[in-house]
Amino acid sequence: MQESFNEILKLLLPEIIINYFELTSYKKENEALHLYLKEINSLPKEYHQNKLSSRGFFAEITVQDFPIRGYKVYLHITRRRWLNEDTGKIVFNPEASGGI
């Protein structure tokens, strides 16, 4: 069942969302559909040579997407961040940004 659910999501959501985020929950209220997405824990490619440690998440952002069957669609997106211990700077996966 989960596999077919993921296939349906691939038809409804932007490709960047499917590739870098997982659906953690959803809520349907009145005429709105709220999809809650969390970035998959995948280290950024350009930092594989650095020592990174997880530093949690950035604040959630909300993006309004195209309507689905008359429902307004809101994507609640939570991005990951890491501390680059070599430089002391916070880094994130730029590939997961995709215009977000």
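Predicted model: local features only at pLDDT ≥ 70, side-chain atom pairs only at ≥ 80, totals over all residues.

Colleague: What pattern does the chain follow, read along the sequence?
Modeller: Along the sequence the pattern is α-α-β-β-β-β-β-β-β, so two helices and seven strands in the chain. Helices (H or I, at least four residues) and strands (E, at least two) are DSSP runs, numbered from the N terminus.

Colleague: Fine. What does the C-alpha trace span along its principal axes?
Modeller: About 50 × 25 × 20 Å. Buried residues (under 20% relative accessible area; exposed is over 50%, partly exposed in between, with a 1.4 Å probe and protein chains only) make up 30% of the 100 residues.

Colleague: And how much of the contacts comes from residues 24 or more positions apart?
Modeller: They account for 53% of the contacts with a separation of 6 or more, where contact means heavy atoms within 4.5 Å.

Colleague: On to charges. How many salt bridges does the structure hold?
Modeller: Five, each being a side-chain nitrogen of Lys or Arg within 4 Å of a carboxyl oxygen of Asp or Glu. In general, side chains of opposite charge can pair when their charged atoms come close.

Colleague: Which residue does Arg-79 meet in a salt bridge?
Modeller: Glu-39, at 3.0 Å from N to O. Arg-79 lies in the loop between strand 5 (71-78) and strand 6 (80-84) and Glu-39 in strand 2 (residues 32-39), so the pair ties together parts that are 40 residues apart in sequence.

Colleague: Are those two buried or exposed?
Modeller: Both Arg-79 and Glu-39 are buried.

Colleague: Which side chain does Glu-85 meet?
Modeller: Lys-51, in a salt bridge of 3.7 Å, N to O. Glu-85 sits in the loop between strand 6 and strand 7 (89-91) and Lys-51 in the loop between strand 2 and strand 3 (52-57), so this pair ties together parts 34 residues apart in sequence. Glu-85 is partly exposed, at 39% relative accessible area, and Lys-51 counts as exposed at 52%.

Colleague: What about Glu-7 and Lys-10, how far apart are they in helix 1?
Modeller: Three residues, about one turn of helix 1 (residues 2-12).

Colleague: Switching to strands: how many bridges join strand 4 to strand 5?
Modeller: Six, and the two strands, with strand 4 at residues 61-68, run antiparallel. Two strands pair if DSSP finds at least two bridges between them. Gln-64 stands opposite Tyr-74 in strand 5.

Colleague: Where does Arg-69 lie?
Modeller: In the loop between strand 4 and strand 5. That hairpin has two residues between the strands. Arg-69 has a positive phi of about 50° although it is not a glycine, and at 82% relative accessibility Arg-69 counts as exposed.

Colleague: And Asn-30, what is its phi?
Modeller: Positive, about 50°, although Asn-30 is not a glycine. Asn-30 is found in the loop between strand 1 (21-29) and strand 2, and counts as exposed at 77% relative accessibility.

Conventions. Residues numbered from 1 in each chain as written. Heavy atoms only, no water.
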